[in-house]
Amino acid sequence: MMRCKEYIFKLTSGQLAEADWPERFWAAQHRLICRHCRAFSANDARLSEILNRYQARLTQPDEPPLRPDGSSAPP
Amino acid sequence: MNLSPSVAQWAREWRGPMLRFAMLHIQPREEAEDAVQDALAAILGTDPATLAQTDLKRYLFGILKHKITDRLRGKYRPEVGYSEAFADDLDNVLFNARGHWVDGVAPSSWRTPEDQLHTDQFFAVVDICVQKLPPKTARVFSMKEFLECEADEVCATLGLSRADYWQCMSRARKQIQLCLHQNWFEGVTP
């Protein structure tokens with residue numbers, strides 16, 4: 001039986017995404033019986049979306065500087 | 001050097017975001033600036049007509065990615081042993097001797113409304129949590145997540161084993177989730 005520590009390591013390291021079906025089956029079994037790991041997994045999926053948006057924001061072009069009157073400079 | 005107006009304008013527009021991105025991977029700032037400068041210099045030789053037909057952001061950050069990985073390869077390749085990155089073993093805090101969660105430490109499910117996760121304030125907290133990662137863990141994590149390198153490329157560039165790579169990725173995702181949970185999700189009323 002998979003323990004929480006092993007399940008969370010496989011999930012967060014990326015091994016689970018590349019695992020064969022028996023391993024994914026046992027991981028799914030563990031999620032069914034463990035509400036803590038179920039919540040952590042849901043948060044981890046949301047974290048991926050958050051990190052994608054964080055990366056997108058980092059690489060956004062800077063806002064044009066404001067003029068003294070508060071309007072933005074033309075492009 | 002004569003720069004075409006469009007290239008000079010692109011450089012002004014994109015230098016800031018490129019530097020922010022480079023600084024996630026390379027310190028000190030001067031070295032990150034050099035990588036950005038190398039990337040911008042690389043586009044000077046490109047035909048503006050060709051550039052006009054490409055996705056400029058993807059093109060610029062593609063070049064920057066190579067400049068960053070070149071520098072990381074040169075800087076960290078001789079380094080061996082990532083084991084010290086795990087000296088402060090987070091797992092000892094999270095799990096008991098039987099491998100189950102220690103009472104009270106497992107994060108509950110995040111239920112914050114989606115619109116609150118698009119604010120400047122939220123991303124400031126994300127930034128703090130990412131910056132708090134131990135340096136070696138951060139290097140591996142940012143190459144995979146932000147430079148979008150495959151695991152094999154991360155291992156080859158930084159000279160680490162696949163087992164060390166898994167440890168770093170796991171450590172990073174666990175730490176960031178806990179950090180966001182403590183500093184945002186626990187304190188925000190849904």
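Chain A has 3 helices and 0 strands. From its N terminus on, the elements simply run α-α-α. Before going further, note that this is a predicted model. Of the 75 residues in chain A, 24% count as buried.

Chain B is helical as well, with 9 helices and 0 strands. Its pattern along the sequence is α-α-α-α-α-α-α-α-α. It has 190 residues, and 35% of them count as buried. If you take the contacts in chain B between residues at least 6 apart in sequence, 70% of those join residues at least 24 apart.

A:Arg3 sits in the segment before H1 of chain A. Is A:Arg3 buried, exposed or partly exposed? It has 17 C-beta neighbours inside 10 Å, and therefore counts as partly exposed; the buried class needs 20 or more. Leaving aside neighbours within four places in sequence, A:Arg3 is in contact with B:Arg98, B:Gly99 and B:His100. For orientation inside chain A, A:Arg3 and A:Phe25 are 22 residues apart in sequence and 14 Å apart in space, C-alpha to C-alpha.

Next is H1(A) itself. This helix is mostly covered, with 8 of its 10 residues buried. The buried ones are A:Cys4, A:Tyr7, A:Ile8, A:Phe9, A:Lys10, A:Leu11, A:Thr12 and A:Ser13. What covers them? The cover includes helix H2, residues 21-33, and H3 from chain A, together with helix H9, residues 162-185, from chain B. Just after H1(A), A:Gly14 takes a positive phi of about 100 degrees.

Over to chain B, and to the nonpolar core. In soluble globular proteins, nonpolar side chains tend to be buried together. In this model the largest nonpolar core has 43 residues. Those with the most contacts inside it are B:Met18, B:Ala22, B:Ala35, B:Val36, B:Leu64 and B:Val140. Which helices each supply at least two residues of this core? From chain A there is H3, and from chain B there are H1 (5-23), H2 (29-44), H4 (56-76), H6, H7 (135-145), H8 (151-158) and H9. H9(B) gives the most to this core, with 8 residues.

H9(B) also packs with helix H6 of chain B, residues 120-131, at an angle of about 140 degrees, their axes being 9 Å apart. That angle is why H6(B) counts as oblique to H9(B), as roughly antiparallel would need an angle over 145. The crossing of these two helices is right-handed. From H6(B), the residues involved are B:Phe122, B:Val125, B:Val126, B:Cys129 and B:Val130, and they meet B:Ile176, B:Cys179, B:Leu180, B:Asn183 and B:Trp184 of H9(B). By class this contact has 9 nonpolar residues, 1 polar and no charged ones.

H7(B) is another mostly covered helix, with 9 of its 11 residues buried. They are B:Lys136, B:Thr137, B:Ala138, B:Arg139, B:Val140, B:Phe141, B:Ser142, B:Met143 and B:Glu145. These buried residues pack against H3 of chain A, together with H8 and H9 of chain B.

Last, two backbone details in chain B. Most residues other than glycine have a negative phi, and most peptide bonds are trans. Where is the cis peptide bond? It joins B:Gln27 and B:Pro28, with omega at about 0 degrees. B:Pro28 is in the loop between H1 and H2 of chain B. The other detail is B:Glu148, which has a positive phi of about 60 degrees although it is not a glycine. B:Glu148 lies in the loop between H7 and H8 of chain B. With 12 C-beta neighbours inside 10 Å, B:Glu148 counts as exposed.

Conventions: Residues numbered from 1 in each chain as written. Chains lettered and ligands numbered in written order. Predicted model: local features only at pLDDT ≥ 70, side-chain atom pairs only at ≥ 80, totals over all residues. Helix = DSSP H or I, 4+ residues; strand = E, 2+ residues; numbered from the N terminus. Contact = placed C-beta atoms within 7 Å. Axes fitted to C-alpha atoms, helices over the stretch in contact; angles between N-to-C directions. Parallel < 35°, antiparallel > 145°, perpendicular 65-115°, else oblique. Left-handed = near helix turned anticlockwise from the far one by under 90°. Nonpolar A, V, L, I, M, F, W, Y, C, P; charged D, E, K, R; others polar. Core = buried A, V, L, I, M, F, W, Y, C linked by C-beta atoms within 7 Å.
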